[in-house]
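Good morning, colleagues. Please turn to the structure on the screen, which I shall discuss region by region.

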Amino acid sequence: MNEKNYLHTPWNTPFIPQRADPYVLRDGDRWYFTASVPAYDRIALRGADSLAGLRDAEEVTVWHAHDKGVMSKHIWAPELHRVAGRWYIYFAAGEQEDCWKIRPWALRCESDDPLAGPWVECGMLRRADGDEFSFTDFSLDMTVFEHRDRLYCVWAEKVSVGRKISNLYIAEMADALTLKTPQMLLCSPTYDWERHGFWVNEGPTFLAHEGRVYLSFSASDTSPAYCMGLLWADADADLMDVSAWHKVNHPVFATNRERGLFGPGHNTFFTDAEGQVFTSYHARPYDEIIGDPLYDPNRHAFVMRVPFRDGMPVFDSENQMFQ
């Protein structure tokens, strides 16, 4: 860990240190955790019988990056999902020869135990017939969710012409590996707080709760300006109708210097057995970053409870319960 002298507070003790883009999943009585590792060279999973148990659980590497070609560089933001009864990991990866040629890829587990594997490579996600745009440029942070018996995915992708703006797109899926519909533009970085350094919307995650659905996302570059935004829609709405979605006009979670949390973002929602909503996110405990922020290893995973007020989730680090 970096030996910087930074302000230690009750809010910036990590749940799991040096794990960015954290993803937590509860499957029955079992809990799983995965995230980007600082070397960006592999995918690792943890499993435990409780959320707290994930902190000290053994980390199992289930897949290594290739030595060259596709899936050989920048292994980012893995997510573990169970789709149609089978385990999948969705992740982004580039190439040693072209490290920014980032695209979404998938692995499938050939057993019912994701920690035991074996995992097989399924290739890049396949776009729908007639879709000329999905995954043609820098594409990452795909998340998958089911709602009203339909399977969807949302991901970030840069437009392929002009300024490289990272937008969020949504599509319905035919199966775990194939889009059923062409992409629909869901949101674009339209506010100043989404445009620091780069114009970015990325890292979407889905939550259904009491008559509404929510998609949080991250905005701006990976400096302390990194922050979280929020979209919401009525649970009965057509999620492929862009007019059904509403975008909050301010960041819902941002740097808090007094608490020593800088650049919070790339979260995931999950619930415990009682239905209480939590989120895991990453942040740094300091803002003086030497070199490229992307390669600073100290984006730590945190966990906090998410209460609701007036139908909206409240992201406040004082709700944090697991350290």
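In what order do the four strands of the open sheet stand? The order is 5-6-7-8, and the pairing is antiparallel. Before I continue, please note that this is a predicted model, in which local features need pLDDT of at least 70, side-chain atom pairs count only at pLDDT 80 or more, and totals for chains, interfaces and linings use all residues. Residues are numbered from 1 along each chain as its sequence is written, and side-chain values use heavy atoms, with hydrogens and water left out.

Strands here are DSSP runs of E with at least two residues, numbered from the N terminus, and two strands pair if DSSP finds at least two bridges between them. Strand 5 and strand 6 (residues 86-95) run antiparallel and are joined by seven bridges. Arginine 82 has tryptophan 87, in strand 6, as its bridge partner.

I turn now to aspartate 141, which lies in strand 9 (residues 139-147). Is this residue paired with an opposite charge, or left without a salt bridge? Aspartate 141 is buried and has no salt bridge; arginine 299, the nearest side chain of opposite charge, is 8.7 Å away. Buried means under 20% relative accessible area, exposed over 50%, and partly exposed in between, with a 1.4 Å probe and protein chains only. A salt bridge requires a side-chain nitrogen of Lys or Arg within 4 Å of a carboxyl oxygen of Asp or Glu; Lys and Arg count as positive, Asp and Glu as negative, while His and the chain ends are not counted. The side chain of aspartate 141 does reach the backbone nitrogen of glycine 203, at 3.0 Å.

Finally, consider glutamine 276, in the loop between strand 18 (262-271) and strand 19 (277-284). Its relative accessibility is 27%, so glutamine 276 counts as partly exposed. The C-alpha atoms of glutamine 276 and tryptophan 155 are separated by 26 Å. Strand 19 pairs with strand 20 in the antiparallel sense over six bridges, and serine 280 stands opposite valine 303 in strand 20. Strand 20 (residues 300-305) is mostly covered, with five of its six residues buried.

Notes. Polar contact = N/O pair within 3.5 Å; in protein donor to acceptor, adjacent residues only side chain to side chain.
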